[in-house]
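Hi,

Here is the structure I said I'd pass on.

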Amino acid sequence: MELDSKIPEGPLAEKWARHKFGLKLVNPANKRKYDIIVVGTGLAGASAAASLAELGYNVKAFTFHDSARRAHSIAAQGGINAAKNYQNDGDSVFRLFYDTIKGGDYRAREGNVYRLAEVSVNIIDQCVAQGVPFAREYGGLLANRSFGGAQVSRTFYARGQTGQQLLLGAYHALSRQVANGKVKLITRTEMLDVIVVDGKARGIITRNLLTGAIESHSAHAVLLCTGGYGNVFYLSTNAMNSNVTAAWRAHKKGAYFGNPCYTQIHPTCIPVKGDYQSKLTLMSESLRNDGRVWVPKSQQDAEKIRKGQIKANDIPEDARDYFLERRYPSFGNLVPRDVASRNAKYVCDEGRGVAPTGLAVYLDFADAIRRDGRKTIEAKYGNLFEMYEKIVGDNPYETPMMIYPAVHYTMGGLWVDYNLMTTIPGLYALGEANFSDHGANRLGASALMQGLADGYFVIPYTIGDYLATIGPGDKIAVDHPAFKEGEQRIHDMNNRLLSIKGSKTVDEYHKALGHIMWDYCGMSRNAEGLKKAKKMIQELRAEFWQNVRVLGTNEEMNQSLEHAGRVADFLELGELMVDDALHREESCGGHFREEYQTEEGEAKRDDANFTYVAAWEYTGDNKPEVLHKEELEFENVKLTQRSYK
Amino acid sequence: MKITLKVWRQKNSNTPGKLVEYQLDNISPDMSFLEMFDVLNGELTKKGEEIIAFDHDCREGICGSCSMYINGRAHGPQTGSTTCQLHMRSFSDGDTIVVEPWRARAFPVIKDLMVDRTAFDRIAQAGGYISVNTGSAPDANEIPVPREVADTAMDAAQCIACGACVAACKNASAMLYVAAKVSHFAVLPQGQAERTMRAERMVAQMDTEGFGACSFTGACSVECPKSISLDHIARLNREYLGAKLTSNNVQG
């Protein structure tokens, strides 16, 4: 199939307006004749479900949580970008667009990213009107902070809980539509398959997590707002239940998967402690506004720290290496995430890491506290410091924090066109679940922006075009054989998992997969390691299906069975990520191939051969996937070697 | 560390439950409380016993999913924190720890330590929002909000809807949850249009759900992982009274 991104013609700044005008509309009175399924109620899902219901469509929204307010968007701390230029510091839609394209290492579509920057200003308006309590100046106007990869202050924030407040805004809007009867909210229910008939998405198969009931739901269109797949690494900053299942099962039904190897490793997370650890906790990137990152200059000092013989504060100023400030004088501690993460890895690889594991660097607030006073720092980061102290048991006002990179976000996801439609007509992917706007690396405070842009300001326009084209009669009832067969497939898969009765737990397989992914397809990758990983994943997957132990039955609440299905999908996705990382013989953004780097150790792109989106097509169980390429065209920015020096 | 756990096991809402004892020998003080449950569930699976069901997700204290009642306290002995943020270093070697689900009529047990908190969502649906359709908002800076007002709104808005306030209350009252929501909107200029109706409707729904009355003992605020202040309950009382005095809502 030929990939058509449907990027509109015309000058960059006019593309979205022209496109909107060209889209077909559904008459207000006819909207109630259409049913739309929204899977996931994070930022993208809740905002889409609420906005579509406001327009008059009948929406069914699904979440596996007990409430629509618990999706992992809630954990985003630092903020949301918008090109408001309230600070009069030279920001503009074009600058946000440019920073995002450059930050993504020139692997995103110009048209999409420009639209994202354009609607960013509407998001802030919308959220303020909903009552989101953004930080304010004394005059009552909105405050901003700066974030990595930008030299302007354009990040809006609500203390260290911006994601929570934005999600609650969307949750409130969604709740209002539930009360109005326009959204039917179905909680504690997981999507396990998408039903495709005559080449169009017709509905989904779900499992009720309380009763185990497997059910069909049909609609005119299906929106997957199901987040990213960072938990393929087992340890990540994602929530425990975040998974790829909805996206992966759609992939197996014909939705291409875009750039699966683009994963973001966040530089400021609390380091790993022991093998019982279940997740990693992020410390907001906003901390890099005031915290200075350093390690000792000498390996000897670092070793003494690791052995507990001396403490961070015993190292004199001239024996400290503020390595980000040294290597990148103009961006300093605010270089983009991929650059900051890689540099932390380098200094630890040199034997200068500081935790007992050797895998940590310092993030030091002593200078900021001296300069601004403890009170100011407390007002800005108080909750983050408390969180750190609860987990680690150290007081960051007195000793520097220890941080290390951890898997945080996946830029890859289901391939979508400009309308956010996947390669299955009628099936859309929004937010982190799609691949679209961040290229090979996402800038801080841009995930919230993209999730809400997709849900509030893109899908309400683009979905109408599809619905008006197919017409209200083009829907299939749930008693259609395709739905019955879909239900049976899920029964069969669950029965198979339950009947293995092997000796290892689901968690053990998940951890083993995570180790492979982190070691060979993590912060840096090479061909030899990736080939090895591919084989290891195949073997692990085969063993899983022979030896996993899942107790209980399908017809009850069964958390092991839920987890088993998700890990089964991760075991397939992992191999595709490795294939994608292996085929992309260049370094770009979060994808760092050791064979392709500049003399200074920076990512070296190969624009002549790899300026494309890799979209993978599933061809059957244990068969190699087929690669399709969507060439990226740059008419408004010049591709340069990214420099933050 | 060696720990003895007494955990509430209950098959479903129709079957009586009981405390079951488990011994754990290899617990690290750096482990989180929920990681200890992961270890226990791994061991139970190997032995062929049914795992303990509990709600959890973000494991960083913000999603509000986790909900254990530990040694008689909601979210355990550490104040201002959720169960997922509690670490075993808060306990001593040889301790016996009793773990129960939230206990409240409006939060029926689903299984083991998992309860049904959808009553909170229905209260939010009754009026916990500002009615503004997507696309109809004015420029964000056209609505100035004094900084202290924004701070008060944020203090209230950071509620994570975990239900610890209800669990901690001898009356199983949901006043702190409802107060946080009402207060968040009542102080903001954007929330004025629906201010009275919101207070009336949310309180009415709270009563319908079967939560108890508030006798203002303050246990809720002490046990709240976000330390939400009792001031918000005072504000809710004022909002509710004011709403009733000026109400056009004849059914209320």
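The contact between the two chains takes 64 residues from chain A and 64 residues from chain B, where two residues are in contact if their C-beta atoms, placed from the backbone, lie within 7 Å. On the chain A side, helix 5 gives the largest share, 9 residues. Helix 5 (162–179) is one of the elements there that give two or more residues, and others include helix 2 (43–55) and helix 12 (447–470). Helices here are DSSP runs of H or I with at least four residues, strands are E runs of at least two, and both are numbered from the N terminus. By class, that side of chain A divides into 25 nonpolar, 25 polar and 14 charged residues (Ala, Val, Leu, Ile, Met, Phe, Trp, Tyr, Cys and Pro count as nonpolar, Asp, Glu, Lys and Arg as charged, and the others, Gly among them, as polar).

Before you go further: this is a predicted model, where local features need pLDDT of at least 70 and side-chain atom pairs count only at pLDDT 80 or more, while totals for chains, interfaces and linings use all residues. Residues are numbered from 1 along each chain as its sequence is written, and chains are lettered from A and ligands numbered from 1 in the order in which they are written.

As for chain B, it has 8 helices and 7 strands, and its C-alpha trace spans about 60 × 40 × 35 Å along the principal axes. Of the contacts in chain B with a separation of 6 or more, 71% are between residues 24 or more positions apart.

Cheers
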